[in-house]
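I opened the notebook to record what I looked up, one entry at a time.

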Amino acid sequence: MSPVHSKPNSVPLSRRLLTRYLLLLRLYPVLTKAASSAFLSALGSLLSQLIEKSQKKRSLDWREPLRFATYGFLVTGPLSHYFYLYLEQLIPSDTPFSLIKRLLVDRLIVSPAFLALFFLVMNFLEVGS
């Protein structure tokens, strides 16, 4: 009897995409997170405009998703990557209540500053449009 060989196409597309994404995360973590953040930020902006458009009959502003993608690629992706690496060093996993401590640092200290940065950068990006 010969062993059963699976065809390359027998693996679902979602599984192949996930495997590729995880490989890219391992090889190029910052770039992959930056690109993911850019894509998801632009998609969120576009979807919110589509919902609003259906309610108010407005046209799409294609510059807005581009601004969100720029912010996601240059700020959110890289900054989040390095922040969570630093947070792991600051509060190691074996520390008692480490999860709660990290959550408090993230939500009470970093998030307000990150939100201020978001408004600052988005305001700067909107000036030219």
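**Entry 1: S36**

I started with S36, which is found in helix 2. I am working from a predicted model. Is S36 buried or exposed? I found a relative accessible area of 16% for S36, and buried means under 20%, so S36 counts as buried. I then looked up S36 against L99: 63 residues separate the two in sequence, and their C-alpha atoms are 25 Å apart in space.

**Entry 2: helix 1 and helix 2**

Helix 1 covers residues 13-27. The axes of helix 1 and helix 2 come within 5 Å and cross at roughly 130°. That angle makes helix 1 oblique to helix 2. Which residues make the contact? From helix 1 I noted Y21, L24, L25, R26 and L27; from helix 2 I noted P29, T32, K33 and S36. By class, I wrote down 5 nonpolar, 2 polar and 2 charged residues for the contact of helix 1 with helix 2.

**Entry 3: helix 2 and helix 3**

Next I looked up helix 2 (residues 29-56) with helix 3 (residues 63-90). Their axes cross at roughly 145° and come within 7 Å. I noted the crossing of helix 2 and helix 3 as right-handed. The contact of helix 2 with helix 3 has 14 nonpolar, 9 polar and 2 charged residues.

**Entry 4: helix 3 and helix 4**

I moved on to helix 3 and helix 4, whose axes come within 11 Å and cross at roughly 155°. How does helix 3 run relative to helix 4? The angle makes helix 3 roughly antiparallel to helix 4. Helix 3 passes helix 4 in a right-handed crossing. The residues of the contact of helix 3 with helix 4 divide into 15 nonpolar, 3 polar and 5 charged.

**Entry 5: aromatic rings**

How many aromatic pairs does the structure hold? I found 5. One of them is F68 with F118: the ring centres are 5.9 Å apart and the planes stand at 50°, so I recorded the pair as tilted. F68 lies in helix 3 and F118 in helix 4, so this pair ties together parts that are 50 residues apart in sequence. I also looked up F118 with F119: the ring centres are 5.4 Å apart and the planes are at 70°, so this pair is edge-to-face. F68, Y71, F114, F118 and F119 form one aromatic cluster. For accessibility, I noted that F68 is partly exposed, with a relative accessible area of 23%, and that F119 counts as exposed at 53%.

**Entry 6: F97**

My last entry concerns the loop between helix 3 and helix 4 (98-127), where F97 lies. I then checked the accessibility of F97: the relative accessible area is 63%, and exposed means over 50%, so F97 counts as exposed.

Note on methods. Residues are numbered from 1 along each chain as its sequence is written. This is a predicted model: local features need pLDDT of at least 70, side-chain atom pairs count only at pLDDT 80 or more; totals for chains, interfaces and linings use all residues. Side-chain values use heavy atoms; hydrogens and water are left out. Axes are lines fitted to C-alpha atoms, for helices over the stretch in contact, and angles run from 0 to 180 degrees between N-to-C directions. Helices (H or I, at least four residues) and strands (E, at least two) are DSSP runs, numbered from the N terminus. A crossing is left-handed if the near helix is turned anticlockwise from the far one by less than a right angle, and right-handed if clockwise. Ala, Val, Leu, Ile, Met, Phe, Trp, Tyr, Cys and Pro count as nonpolar, Asp, Glu, Lys and Arg as charged, and the others, Gly among them, as polar. Angles under 35 degrees count as roughly parallel, over 145 as roughly antiparallel, 65 to 115 as roughly perpendicular and the rest as oblique. Contact means heavy atoms within 4.5 Å. Buried means under 20% relative accessible area, exposed over 50%, partly exposed in between (1.4 Å probe, protein chains only). Rings of Phe, Tyr and Trp (its six-membered ring) pair if their centres lie within 6.5 Å; planes under 30 degrees apart count as stacked, over 60 as edge-to-face and the rest as tilted.
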